[in-house]
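Hello,

Here is the structure for your files, with notes on its salt bridges and surface below it.

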Amino acid sequence: GYLGGTAFTKGAKWGSNISLRLGLFFPANNNNNNTKKTGSGISKFFKRTRFGLDLVCGFSGSKKYQGYKEYETRNYMRALAGFHGLYVFNEHWATGLGLRAGVSNYTYIQGDTYNKFDEKKTDIALNLFWRTEYTYKEVAKNLKPFAGLDLGVSDADFMLVPQIGIKFKEKYRLGIAPAWGSRMWYDAEKSGLNYQIHLGIDF
């Protein structure tokens, strides 16, 4: 296959790569002779794993820091697309690993007595997280509430994202989350809060 990409930096060039995919198919048990084939346990594991895609949009308010110089961020927005795989223990509990990638946009202000200027910045945002999720019983036709917790690392160093929402037909999901990070804003040593909306689909 082909893989291409570029950086969100002025003057960045497009990079081209050849991609190779390697895989192994694991056969299920043979019911005709009750012989357990190699890899059947792994096959069962993946049959109980629910994969999904989600889209995240988040925003933060302004925040100011005092020190040798004054720093401030305004209009902080981020948009990410993600992939996750959750192992389903039963109809309520599931847990697994996920990865998101996207961009963060904000206005960065650095100033002191003699100088002050605004600079619009765009950064690459990456989130690697472990999710634990609880799905409640059906409260209306095809509707089930759920709650989850993402713990992970990202461009914000540490990430804690509790989420609540609703599932439709066990496939589509809508959730809201206050995402807390230990360095949510650029060049800031304090924690920050990012309010997020999650849209997703499970397979």
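Arg-100 is buried, with a relative accessible area of 2%. The model is a predicted one, and Arg-100 takes part in a salt bridge with Asp-150, at 3.0 Å from N to O. That pair joins distant parts of the chain, with Asp-150 in strand β8 and Arg-100 in strand β6, 50 residues apart. Both partners are buried.

Arg-100 also forms a salt bridge with Asp-54, where the closest N and O atoms are 3.4 Å apart. Asp-54 lies in strand β3 and Arg-100 in strand β6 (residues 93-111), so this pair ties together parts that are 46 residues apart in sequence. Asp-54 counts as buried because its relative accessible area is 8%, under the 20% cut-off.

A search of the whole structure gives ten salt bridges. One of them is between Asp-202 and Arg-50, at 3.4 Å from N to O. Asp-202 is in strand β11 and Arg-50 in strand β3 (residues 49-60), 152 residues apart. Asp-202 is buried at 4% relative accessible area, and Arg-50 is buried at 15%. These two also belong to a network of salt bridges with Glu-133, Lys-167 and Arg-173.

Strands β8 (143-154) and β11 (192-202) each supply at least two of the patch residues. Trp-180 sits in strand β10 (residues 172-181) and is partly exposed, with a relative accessible area of 32%.

Regards

Notes:
Residues numbered from 1 in each chain as written. Predicted model: local features only at pLDDT ≥ 70, side-chain atom pairs only at ≥ 80, totals over all residues. Heavy atoms only, no water. Helix = DSSP H or I, 4+ residues; strand = E, 2+ residues; numbered from the N terminus. Buried < 20%, exposed > 50% of the residue type's maximum accessible area, 1.4 Å probe, protein only. Salt bridge = Lys/Arg side-chain N within 4 Å of Asp/Glu carboxyl O.
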